[in-house]
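Hello,

I am passing a structure on to you, and some notes on what turned up in it follow below. Please have a look at it first and then read on.

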Amino acid sequence: MSNTPMAASPLTRAVLEIDEYASGMGWDQPARLFALVDTGALRAQEPALAAQLGLESEGETTGFTPILQDEVPASKPLDEFLGTIAWPDAVAGCALTVERLMLPPSAEASVPEGLTGKKLTQWVAEHPDRQEVRMTVAVLRDGTRDSALRLREKDSPTEVLTGSELVPGLAEALTATFAE
């Protein structure tokens with residue numbers, strides 16, 4: 001967490017830690033799903049695992065430890081995949097990092113009528129104002145959410161935008177993975 005501000009909330013720190021991890025992998029990466037576990041509980045209940053993760057000596061008692069899950073299947077739409085997830089009680093939250101093409105709001109008016117699916121994706125990919133973005137979105141069981149956006153053209157830890165409402169649709173889909 002070398003670039004993570006200590007004054008940030010525990011969830012924001014986890015989001016920025018995941019963003020930093022994804023950044024280290026480079027661009028053009030598949031989506032990655034993380035379980036978020038309470039770091040203090042992890043130390044108390046699984047001291048060997050905490051030691052393996054390098055958490056045994058940290059003085060901080062609040063926070064979340066992201067644990068990378070199995071690969072997100074590229075063959076299945078993300079919303080369908082998220083609909084198959086059920087988390088055990090030990091998981092306090094989850095996070096997802098995914099890359100997408102994004103258009104500025106001003107481009108919405110120029111979307112040709114009736115474009116959907118693959119044709120819309122192709123149109124966005126060919127649009128001159130498109131931007132590649134990496135989104136990291138995290139949610140807790142209680143609905144708390146946070147996210148980080150990193151543009152490929154401004155790929156620097158100091159250029160990462162954070163906020164709870166940056167990617168509301170993805171945050172809602174992740175929250176639904178905790179529904180009973």
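**Helix 1 and what covers it**

The buried residues of helix 1 are covered by, among others, strand 1 (32-38), strand 2 (64-68), strand 3 (93-102), strand 4 (131-140), strand 5 (145-151) and strand 6 (161-163). Please keep in mind that this is a predicted model.

Which residues of helix 1 are the buried ones? They are L11, T12, R13, A14, V15, L16, I18, D19 and A22. As background, residues three or four places apart in an α-helix point the same way, because there are 3.6 residues a turn.

The length of helix 1 can be checked too. Helix 1 takes in residues 10-25, and at 1.5 Å a residue these 16 residues should span 22 Å; the C-alpha atoms at its ends lie 23 Å apart, so the two values agree. Just after helix 1 comes G26, with a positive phi of about 85°.

Six of them make up an open sheet with antiparallel pairing, and their order is 2-1-3-4-5-6. Strand 2 and strand 6 are the edge strands, each pairing on one side only. On average, neighbouring strands in this sheet are turned by 20° against each other, direction ignored.

Helix 6 (residues 168-176) also packs on the sheet, where it touches strand 1, strand 3, strand 4 and strand 5. The direction of helix 6 makes about 35° with that of strand 4.

Is strand 4 mostly covered or mostly uncovered? It is mostly covered, with eight of its ten residues buried.

On one side, strand 4 pairs with strand 3 in the antiparallel sense, over ten bridges. One of the pairs here is G93 with L140, the latter in strand 4.

Strand 4 also pairs with strand 5: seven bridges join these two, and they run antiparallel. Among the pairs, V133 has L151 in strand 5 as its bridge partner, and T136 stands opposite A148 of strand 5.

How many residues lie between strand 4 and strand 5 in their hairpin? There are four, and G143 in that turn has a positive phi of about 95°.

I hope this helps you find your way around.

Best wishes

How values were computed:
Residues are numbered from 1 along each chain as its sequence is written. This is a predicted model: local features need pLDDT of at least 70, side-chain atom pairs count only at pLDDT 80 or more; totals for chains, interfaces and linings use all residues. Side-chain values use heavy atoms; hydrogens and water are left out. The expected span of a helix is 1.5 Å times one less than its number of residues. Buried means under 20% relative accessible area, exposed over 50%, partly exposed in between (1.4 Å probe, protein chains only). Contact means heavy atoms within 4.5 Å. Two strands pair if DSSP finds at least two bridges between them. Axes are lines fitted to C-alpha atoms, for helices over the stretch in contact, and angles run from 0 to 180 degrees between N-to-C directions.
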